Amino acid sequence: MSANGDSENDGENDSFIENNIYCTQNAEEVETEISEEIKNQFGHYDKENFLSNLVERYVENPEQLNEIRQSMYDYAKANIEEFPHGFLTERRQRGTGKSITEKYASDVYYIYAFVEGIVSTTEFQREVMSRHKMKHSLLQETPINNMTSNEETNDDMTSNEEAKENTVNSALHQDLDIWLKRELLPINDALKELKNLFEAEIRAKNNEIRLLRADNNRLHMEISTCMEEKNRCAIAEPEETNAETTD
């Protein structure tokens with residue numbers, strides 16, 4: 001790797017560190033920046049090196065990597081028009097097989113690759129999205145035709161008294177129906193207004209949560225970058241001292 005290449009990457013990281021993560025960006029903008037930072041730092045690798053470098057960076061902090069994958073998933077869902085239905089798979093650490101960090105890293109790669117058009121929707125769904133499909137049951141309502149029912153009843157009536165009784169009952173039912181609708185109308189309007197208020201509040205709170213989570217991700221990425229730079233400086237300093245001693 002050339003010295004110029006390292007310098008360019010360091011410049012990119014420094015510019016990212018200098019950004020104020022507590023600025024006035026909304027959640028979508030922060031998620032975009034996190035996705036772009038993953039692309040800048042790991043996108044030039046092939047899949048194998050992308051995963052190995054990502055795992056190496058977050059092996060001690062898998063939960064932070066989980067937050068990053070969730071932010072990237074939110075970004076993809078918000079920006080891809082025909083985003084597939086479903087949910088991000090909930091990963092768990094098993095006794096054998098891949099570590100939780102490797103699972104999170106794999107999800108980050110496939111989300112990045114899906115956004116960039118590297119993998120297909122089918123592959124993205126298979127690798128990242130939950131296999132538990134939501135089952136929808138369609139309720140088919142068969143309307144009752146009161147007019148037809150009444151006509152058939154009238155046809156079966158054998159006396160004028162029965163016809164009159166049916167007419168009176170129908171009128172009473174209609175009056176009762178009109179009265180109930182009139183009485184329930186203000187209640188229904190009030191319930192709709194409350195529903196709209198609650199939904200607006202929930203949307204606002206969800207946006208705050210996404211923003212805080214995205215800000216937290218950026219902060220940890222900045223810390224990780226600083227630690228890498230500190231380690232590089234610590235390694236380079238003894239080498240420079242040895243070189244001076246030899247001279």
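Is Glu116 buried, partly exposed or exposed? Glu116 is partly exposed, with a relative accessible area of 36%; buried means under 20%, exposed over 50% and partly exposed in between (1.4 Å probe, protein chains only).

The model is predicted, so local features need pLDDT of at least 70 and side-chain atom pairs pLDDT 80 or more, while totals for chains, interfaces and linings use all residues. Residues are numbered from 1 along each chain as its sequence is written, and side-chain values use heavy atoms, without hydrogens and water.

**View A. Salt bridge between Lys39 and Glu116.** The N to O distance is 3.4 Å; a salt bridge is a side-chain nitrogen of Lys or Arg within 4 Å of a carboxyl oxygen of Asp or Glu. Lys39 lies in helix α2 and Glu116 in the loop between α5 and α6, 77 residues apart. Helices (H or I, at least four residues) are DSSP runs numbered from the N terminus. Lys39 is partly exposed at 32% relative accessibility.

**View B. Salt bridge between Glu229 and Arg232.** Their side chains meet at 2.4 Å, N to O. Both residues belong to helix α8, 3 residues apart, about one turn of the helix.

**View C. The largest nonpolar core.** This core has 31 residues, a nonpolar core being a set of buried Ala, Val, Leu, Ile, Met, Phe, Trp, Tyr and Cys residues joined through side-chain atoms within 4.5 Å. Helix α5 gives the largest share, 10 residues. Phe124 is among the residues with the most contacts inside the core. Beyond four places in sequence, Phe124 touches residues including Tyr73, Tyr110 and Phe114 (contact: heavy atoms within 4.5 Å).

Conventions:
Helices (H or I, at least four residues) and strands (E, at least two) are DSSP runs, numbered from the N terminus.
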